[in-house]
2 protein chains.
Amino acid sequence: MQQILIAGQWRDANSNKSFQASNPATREPLANEYPVSTWEDCDAALTAAAEATVGLRSISGGQIAEFLETYATEIENNADAIVDMAHAETAYPKPTRLAGGELPRTTDQLRQAANAARTGNWSVPTIDTAAGIRSQYGAIGPVAVFGPNNFPLAFGSISGGDFASAIAAGNPVIAKANSSHPGTTELFARCAHQAAQSTGMPAGMVQLIYRTSHPDGERLVADARIGATGYTGSRHAGLQLKAAADAAGKPIYLELSSVNPIVILPQAMEQQHEEIATEFTGSCLMGTGQFCTNPGLVVVLKSDATNSFIAAVSEQFAAAPVGTLLSSGVESSLESNLEILVDAGAEIVVGNTPADSDRYCYANTLLKVTAQQFIADPETMQTEAFGNSSLLVVTESMDEVNAVIACFEGNLTGCIYSATDGSDDAAYDQIAANLQSKVGRMLNDKMPTGVAVSAAMNHGGPFPATGHPGFTAVGIPGSLLRFAMLQCYDNVRHDRLPASLRDENLNGELWRCVDGNWTRENIN
Amino acid sequence: MQQILIAGQWRDANSNKSFQASNPATREPLANEYPVSTWEDCDAALTAAAEATVGLRSISGGQIAEFLETYATEIENNADAIVDMAHAETAYPKPTRLAGGELPRTTDQLRQAANAARTGNWSVPTIDTAAGIRSQYGAIGPVAVFGPNNFPLAFGSISGGDFASAIAAGNPVIAKANSSHPGTTELFARCAHQAAQSTGMPAGMVQLIYRTSHPDGERLVADARIGATGYTGSRHAGLQLKAAADAAGKPIYLELSSVNPIVILPQAMEQQHEEIATEFTGSCLMGTGQFCTNPGLVVVLKSDATNSFIAAVSEQFAAAPVGTLLSSGVESSLESNLEILVDAGAEIVVGNTPADSDRYCYANTLLKVTAQQFIADPETMQTEAFGNSSLLVVTESMDEVNAVIACFEGNLTGCIYSATDGSDDAAYDQIAANLQSKVGRMLNDKMPTGVAVSAAMNHGGPFPATGHPGFTAVGIPGSLLRFAMLQCYDNVRHDRLPASLRDENLNGELWRCVDGNWTRENIN
């Protein structure tokens, strides 16, 4: 039985149940057994994390940066083992996806977070010299991270964006591994623990539990010792955690389901249907469709070009290799969610059949409804069929397009393809603002599956895509603000202020808003 | 029966109940009758607000600024009527409190909000030129504002900080009047409506309802058409609204109860007990103690100087005129909350008796407990007795002070008085970080009742003082972020970007974070 990491020690869990991950490419269980922790483990982690919070008060942003950078290097030193384990647990291709994509993204994120911690340029120091009031964002306290199944590295509980953000903002992290890749998470935890020890972090800075009961998870996010929680995963489990955290007044940041609507305007369709079909197929089937920003809903207008588009996509979906899905749960929920859509009247354009029986997979599937069908039951029609599938909504007019958009729930992204010659501009203006009000990121002429780690990125959006539309889960320094509280100093004596709020600028790189102006200068 | 303001029209409410405010100085009901609206009125307001949200898309920040400034002038033009009505409804003194204090604070806030709307310097434009991604905060949609009883002007539902912030961020407001000052709220609504009409705002920009049933209030904050809610008031009612909004995934910003602990360190007590006693009495009895930041809990160490301090405060409390309370509800809950504290073992130092029977009031009251009593039942001991009262916690040691602080719930403020000669510095260091982690604003050597409208202010703090420790209710532009969503533009064509995100800087005053650097320059 694998060990958990609590208070700086690898030790046996308090557990009376265990679980195994499985190899999606073979449906076979993998060798290692992982414990399901009881509340005792959660309680011990919370106590150690609370102690680490106190220890962190005398640790500078620069020291935290060293930890994150050392950890990134440690990951690179153990890249082969991590990639091998992640491949076994997810069946993601090694060179293109894991070694070549997610791993460098992960270490880049950790290094960006290190930079934010070192400069302090996430904390928005704000100084009113006349009133003698100074404020900035500061650590919120222990952060629980529940990572998703679909990015074992870049969104991993102890390696991904939530982890990097919470640590860089000065908080300890209690990571709950995703049950589909516990081994990968364990390898990261070993690297993180090593780096934490060699850079002098408090014992409870990084802790790992593999799994708990649902009630214990709810108790964890609501515990008095918790600062905040980051959760990425299914809507149902996320809403349970949200209810528990909300009732206790504890911030929880959720990334839940999103169908990421794409609208293709008539002239763009006329002029570019072949290119868009290829782009769409690539985006929709990439990673077997298991991206948060997978284009799961495509709104088009009836036309000959649209028929050609549908035919091309249908052909490509049929011809493309059927990717492997992450788990039997993903496989069965893809199948059952597609069934919900078909039962509600969606027509099968292609797919919707089981594929190979010796691995987790399901045929590349494209469904189709009319605008009237969509509008008649929008909640059902927005069922997220997570995986290699998408739903076309074929409308008769721009008014119908707008009526469809009016039914949208909150989404991470929304995209409009329009002709480059201006011939779609009136149609664009008719729908763009309506679409934008429902999404966190608005795109033009580009599929949403690329989520750049940029300061200007918003990987967020209105409920139920996330729990709060004012925060992003990707993009440093913005993502750190989720794990921060606003701290104000009123008439506090100068030598008692944090270094970042004293008259002398902490370092050459800290931007501060002093009396309404952003500056890197000292205050005279 | 007074009329409500819906969709740009003053009209009769859908109502089958009514209420009257009363004059706190006489306990007599005031003449006007106000309707309790049914859901039909809420529904109509939501529909009009949703339409206004669409209308606002073609209205610039500069036009919103004009509205806010015109409104501020309109308030000044009607200052006498507003002050007279507020005086009748609250019994607050006219010259010192209403005309000389709250009214100029209110118009100043509206003008600061106008400036934020005009410059755009609240929206944090963030541009990544290499990635082609640009983002900023934008309007979240219709905002419901539930104002408190204690600031009829500066926190009024349709005149105060939440209103100014929500409007400046580009949102329509549905104001729910506080039932203790409906007439004041109506006068503000008339000024706001006038200003909205003369500056071309959409019909549903400012709307007023006086009261609803509790279930209708909960339905309102959870409605699909709502963007967010601002609530300031009692903990019980606030938590009911929070539960409803949370379940619907709608942001709600709450300012609930806070006892605002003060710690007086031994040498400060020794050297300054007379001055601190006078400061404390002034702060605690100001406005009959009906401030959100009233110092309701004072932690001291046993000493002769402390005995002198207690004697001085006791004498001052007994000698000071007993102020009038805002309503019979405030009077009765002050009495019953003091009873809870006394039943739990608090000793009465002074007061705790009814005062004049012909007005709402209760004797200036100081209670006292030991640290051991406090620690034995911290939840009860932190009962907020809103009004002219405070609780002393007399400790035996700094360890006891820290143990008391460890029991604190989240508060808006926390303050430490320490000797100016450095003799308390070790004691300060022992407790400051612990106290700070429980509060939104940390003060030195100063009572918390002054809340400057400064960009660096934080009028917020951990639950249950507020619903989220990352946001402030006072201080522009920060307070606008509560009523905003993050909006990202990825590969969006340049002429389709909002003006504030295009290469050319919108105006000379807009600060933008371009590729990690804050600048007012154009992008080349």
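**Close-up 1. Parallel pairing of strand 6 and strand 12 in chain B.** In this predicted model, strand 6 of chain B, residues 34–37, is joined to strand 12 of chain B by 2 bridges, and the pairing is parallel. Within this pairing, Val36(B) has Arg211(B) of strand 12 as its bridge partner.

**Close-up 2. The open sheet of chain B with strand order 3-6-12**. The sheet comprises 3 strands, and its pairing is mixed. Strand 3 (15–19) and strand 12 (211–212) of chain B form the edges; each has a single partner strand, so one side of each lacks a neighbour in the sheet.

**Close-up 3. The side of chain B that touches chain A.** The contact draws 53 residues from chain B and 53 residues from chain A. On the chain B side, at least two residues come from each of the following elements: strand 7 (126–128), strand 8 (133–139), helix 15 (425–436), strand 21 (439–444) and strand 22 (484–490). Strand 22 of chain B contributes the most to this side, namely 7 residues. Classified by residue type, the side of chain B that touches chain A consists of 27 nonpolar, 16 polar and 10 charged residues.

**Close-up 4. Strand pairing between chain A and chain B.** Strand 22 of chain A, residues 484–490, runs parallel to strand 21 of chain B, and the two are connected by 3 bridges. Opposite Asp490(A) stands Leu443(B), a residue of strand 21 of chain B. Strand 21 of chain B, which spans residues 439–444, is also among the elements that supply at least two residues to the side of chain B touching chain A.

Notes: Residues numbered from 1 in each chain as written. Chains lettered and ligands numbered in written order. Predicted model: local features only at pLDDT ≥ 70, side-chain atom pairs only at ≥ 80, totals over all residues. Contact = placed C-beta atoms within 7 Å. Helix = DSSP H or I, 4+ residues; strand = E, 2+ residues; numbered from the N terminus. Nonpolar A, V, L, I, M, F, W, Y, C, P; charged D, E, K, R; others polar. Pairing = 2+ DSSP bridges.
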